[in-house]
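These are my notebook entries on one structure. I set down what I looked up, entry by entry.

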Amino acid sequence: MRIRTAALASLVLFAAPVAAQGDGGYAQDFKAATEWIGGNYAYFDQKRTEWSDVPALYADDLGQVRTRDQFVRLLEQVVDELYDPHAQLNTNLRSSYRLVPSGTDLWAEWRDGKARVTEVREGSDAQRAGMKPGDEVVSIDGVDIARAVDARMGRSYPHATAAARDWALRSVLAGTHDAARRLALLEGDAGREVLLPAADQPTGSDAPLTASLVRPGIGYIRINDSLGDDATVAAFDAALAQLRETRALIVDLRDTPSGGNSSVARGILGRFVDRELPYQKHVLPAEERETGIRRSWLELVSPRGAFRYARPVAVLVDHWTGSMGEGLAIGFDATGAGILVGTPMAGLQGATEHLQLANTGIGINLPTERLYHVDGTPREAFVPRVRVDVSGAVAGRDPFIAAALQRLGAK
């Protein structure tokens with residue numbers, strides 16, 4: 001069974017025993033998974049992965065599988081050969097790595113050979129522990145960070161691959177669901193240790209969104225990781241009605257790491273357009289590989305609601321703006337409904353499709369469609385028009401809101 005989805009929710013479902021069909025169940029599902037990924041993944045041309053080698057590279061591991069949990073672990077390794085955070089299983093173990101970005105509190109990159117923290121999630125354990133952009137991670141749980149990253153990487157591509165090393169670094173720093181993380185850091189010449197508890201990072205609110213005034217006449221709506229919840233559209237309508245007379249609006253998408261669905265995104269964006277407009281472009285590489293004929297299309301947003309909010313809008317984004325959050329963000333830019341303010345986003349590639357394996361019931365979510373801004377920029381490469389430097393952030397002052405207010409002429 002295959003179900004096409006606009007984006008992937010990050011709810012983690014832990015594995016429960018399901019019997020495979022005889023001795024061949026795992027082998028059959030492994031073959032189905034590797035063939036489906038090989039035929040449908042949209043980004044092989046951007047990877048160093050030799051997918052045709054993957055079945056042989058994991059053949060011995062497959063032969064040792066005796067339980068469903070062992071098979072889950074094997075499939076996680078196989079999918080991770082793509083070093084793509086948008087390619088995931090929908091069933092995980094307590095010992096599985098957290099999803100990035102939804103489950104992590106740190107964003108980090110390799111810079112000049114050092115593992116640098118570039119952003120810390122607002123309200124996270126890492127922020128409470130005093131971590132900040134610019135920190136260098138030296139080790140995790142007593143293991144040199146470069147060694148830990150190398151151990152996290154796959155078998156089918158060179159470990160010098162820069163994109164794969166950044167993916168592995170962020171995954172290692174996210175940690176697993178069942179273990180605390182002990183990080184050794186350098187800040188300048190000063191070293192210190194930070195212990196982060198074994199707790200997934202919640203959104204901090206059960207409500208779909210929060211709304212307020214950040215200044216007299218300046219409205220503020222924050223989406224609380226709820227772009228997959230149909231109730232968010234009604235909540236947004238109610239908030240916008242309360243803020244209708246404001247002279248400008250800030251829409252905060254910094255807590256949308258889990259993605260969602262396009263109907264919610266279009267429901268929100270439809271309150272800011274006066275005619276039907278394209279807001280993102282889709283391309284289906286699998287069809288072109290099969291037929292030699294390119295297939296692409298524009299997705300449209302239509303006006304919706306009792307009124308259009310036509311005053312200036314600033315849209316806040318950061319590394320925890322993911323998947324459908326990124327789609328909504330580039331939609332604001334493409335339609336001219338708002339200007340993006342922030343850092344680069346999560347960079348999750350494509351729209352995902354779902355395969356459920358016949359014997360084990362395990363699901364795989366895989367990017368099968370490429371997504372683009374209507375100007376042709378890949379969604380994962382789009383950056384805000386107004387960049388925010390978080391390296392010099394002052395405690396108690398939100399640099400994103402400050403930059404948005406300055407852009408809106410309301411310091």
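**Entry 1: Leucine 371**

I looked up the neighbours of leucine 371 and, leaving aside those within four places in sequence, found contact (heavy atoms within 4.5 Å) with Tyr43, Gln280, Lys281, His282, Gly350, Ala351, Pro378, Arg379 and Glu380. I note that this is a predicted model, in which local features need pLDDT of at least 70 and side-chain atom pairs count only at pLDDT 80 or more, while totals for chains, interfaces and linings use all residues. Residues are numbered from 1 along each chain as its sequence is written, and side-chain values use heavy atoms, with hydrogens and water left out.

Leucine 371 belongs to strand 17 (residues 363-372); strands (E, at least two residues) and helices (H or I, at least four) are DSSP runs, numbered from the N terminus. I found leucine 371 buried, its relative accessible area being 2%; buried means under 20%, exposed over 50% and partly exposed in between, with a 1.4 Å probe and protein chains only. From leucine 371 to alanine 238 I read 133 residues in sequence and 30 Å in space, C-alpha to C-alpha.

**Entry 2: Alanine 180**

I placed alanine 180 in the loop between helix 7 and strand 7 (181-187). Not counting residues up to four places away in sequence, alanine 180 touches Asp141, Leu195, Leu196, Pro197 and Ala198.

**Entry 3: The nonpolar cores**

I then turned to the nonpolar cores, that is, sets of buried Ala, Val, Leu, Ile, Met, Phe, Trp, Tyr and Cys residues joined through side-chain atoms within 4.5 Å. The largest has 35 residues, and Ile221, Leu249, Ile268, Phe272 and Phe332 have the most contacts inside it. At least two residues of this core come from each of strand 10 (218-223), helix 8 (231-242), strand 11 (248-252), helix 9 (262-269), strand 12 (277-283), strand 14 (313-317) and helix 11 (324-335). Helix 11 gives the most, with five residues. A second, separate core has 29 residues, including Trp36, Ala42, Val54 and Leu74.

I also checked helix 9 by itself. Six of its eight residues are buried, so helix 9 is largely enclosed by the rest of the structure. The buried ones are Ser262, Val264, Ala265, Gly267, Ile268 and Leu269. Their cover includes strand 10, helix 8, strand 12, strand 13 (296-301) and helix 11.

**Entry 4: Two helix pairs**

How do helix 6 (residues 145-152) and helix 7 (residues 162-174) pack? I read an angle of about 105° and axes 9 Å apart; axes are lines fitted to C-alpha atoms, for helices over the stretch in contact, and angles run from 0 to 180 degrees between N-to-C directions. Helix 6 is therefore roughly perpendicular to helix 7, where angles under 35 degrees count as roughly parallel, over 145 as roughly antiparallel, 65 to 115 as roughly perpendicular and the rest as oblique.

For helix 1 (residues 25-40) and helix 4 (residues 68-80) I read about 20°, with axes 12 Å apart. These two helices are therefore roughly parallel. Their contact is made by Tyr26, Asp29, Phe30, Ala33, Thr34 and Ile37 of helix 1 and by Arg68, Phe71, Leu74, Leu75, Val78 and Val79 of helix 4.
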